[in-house]
Amino acid sequence: MKAIGLLKYLPIENEESLMDIELKKPVPQGKDLLVQINAISINPVDVKVRSPKALTEKEPRMLGWDASGVVVEVGEDCKVFKVGDEVYYAGSITRPGTYSEYHLVDERIVGKKPTALTHAESAALPLTAITAWEAMFERLAIDPTNKEGNQLKKVLIIGGAGGVGSIAIQLAKWAGLHVIATASREETISWVRNLGADDVINHHGSLKEQLAQIHIEQVDYILCFNNMDHHWKGMGEVIRPQGKICSIVENKEPIDLNVLKSKSATFVWEFMFTRSMYQTEDMINQHLLLNEISKLIDAGELKTTMNKKLSPINAATIRKAHALVETGNTIGKIVIENF
Ligand SMILES: NC(=O)c1ccc[n+]([C@@H]2O[C@H](COP(=O)([O-])OP(=O)(O)OC[C@H]3O[C@@H](n4cnc5c(N)ncnc54)[C@H](OP(=O)(O)O)[C@@H]3O)[C@@H](O)[C@H]2O)c1
């Protein structure tokens, strides 16, 4: 089968940073599905894992944690999916990624692909939708069925036009919340407004001052999708007493949790690979939530976040997509379709 792998961790301009290779088609066992991949999407995690370092691999390493495709074989313990099912998923950071024609994935973290979307449109979603869903409805414990109660609550989404922000805005609106998204450019401001953001402020300015300008003193929830170090102080200033902050990005400098003490505010992490990495007992929740996302898409409640589509899936195209994601200012998701 065709695959795209690396042996060395090199700058993306180097043709050896990601190479076209041929590998044997894997055989599924246990709870694994063998999926024939139609489309993938590129995330910042792909770029972070590939970042230049003095490490070499003995066997080619495949990156990629988003795919949409068709089940072609199943392991002996599979109960959820069968051959022929159309699926979408992010996979596990501890296993080979989705830059290959055929791919093994545990069925407990796989969802039924939305029928209303193409494979390319579907591949834009899994990693970011799992992240946004877990952050809001599990870590921050927002109840999406309490739409009336949620209307009284405000969420600040820092990094609104990115891959995660683009689906988080839609999920927050679906749950009934008042959404304030951050965006810093004309294109990203209109992108977040189109996705449903009620208010938009700029993440390069003071959160407190800009919220005051739109007569908002405090917010009930904050989702930090970018630059924790820069936003930590500002988040502490605008979180409501007893409010909750969830971050998906690590801090590089030490952070002072005492900032939240007098407000009894909660801080919580979200890492969407936790369940697959630690094989938690509730791994199946990712299957269930991806199915919920599919239903919401098919019901017209959510839309794809795909904003750029490239083809075919090969080393040259993936290198091009990595270079774009490395800029840190892409809007929505970049998808690559067809081997
Ligand atoms: N923990 C997890 O499970 C998890 C899951 C997914 C992603 N992540 C991480 O979360 C981050 C975001 O992922 P993503 O896919 O949404 O990224 P992305 O698509 O690359 O985000 C791009 C967006 O970031 C915005 N941005 C740039 N600088 C910013 C700043 N200082 N403050 C706020 N926003 C800023 C830009 O908006 P403007 O152009 O308007 O400035 C741009 O639209 C990445 O670091 C990723 O690795 C973590």
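**Entry 1: the whole protein**

I began with the surface: the accessible surface of the protein comes to about 15000 Å², and 50% of that belongs to carbon and sulfur atoms. Accessible areas come from the Shrake-Rupley method with a 1.4 Å probe, and for residues only the protein chains shown count as cover. I note that this is a predicted model, in which local features need pLDDT of at least 70 and side-chain atom pairs count only at pLDDT 80 or more, while totals for chains, interfaces and linings use all residues. Residues are numbered from 1 along each chain as its sequence is written, and side-chain values use heavy atoms, with hydrogens and water left out.

I then looked up the overall dimensions, and the C-alpha trace spans about 60 × 40 × 35 Å along its principal axes. The radius of gyration is 20 Å, which agrees with the value near 20 Å for a compact globule of 339 residues; this radius is taken over C-alpha atoms, and the globule rule is 2.2 Å times the number of residues to the power 0.38.

Of the 339 residues, 54% are buried, where buried means under 20% relative accessible area, exposed over 50%, and partly exposed in between (1.4 Å probe, protein chains only). Among contacts with a separation of 6 or more, 70% join residues 24 or more positions apart, a contact being heavy atoms within 4.5 Å.

I found eleven helices and 16 strands in the protein; helices (H or I, at least four residues) and strands (E, at least two) are DSSP runs, numbered from the N terminus.

Helix H10 covers residues 284–298, and its end C-alpha atoms are 21 Å apart, in agreement with the 21 Å that its 15 residues should span at 1.5 Å a residue. The expected span of a helix is 1.5 Å times one less than its number of residues. The buried residues of H10 include Leu 289, Leu 290, Ile 293 and Ile 297, and what covers the buried residues includes strand E6 (86–89), helix H3 (126–139) and helix H5 (163–174). After H10 comes Gly 300, whose phi is positive, near 80 degrees.

Helix H11 (residues 315–326) has twelve residues and reaches 16 Å from its first C-alpha to its last, close to the 16 Å expected. Ala 315, Ile 318, His 322 and Val 325 are among the buried residues of H11, which pack against elements including strand E1 (2–9), strand E3 (32–42) and helix H1 (44–50).

**Entry 2: single residues**

I looked next at Pro 312, which lies in the loop between E15 and H11; the peptide bond from Ser 311 to Pro 312 is cis, with omega near -5 degrees.

Leaving out residues up to four places away in sequence, Ser 122 touches Ser 68, Tyr 88, Lys 113, Pro 114 and Leu 117.

Gln 242, in strand E13 (residues 239–247), has phi near 70 degrees, and at 66% relative accessibility Gln 242 counts as exposed. Gln 279, in the loop between H9 and H10, has a phi of about 50 degrees, and at 48% relative accessibility Gln 279 counts as partly exposed.
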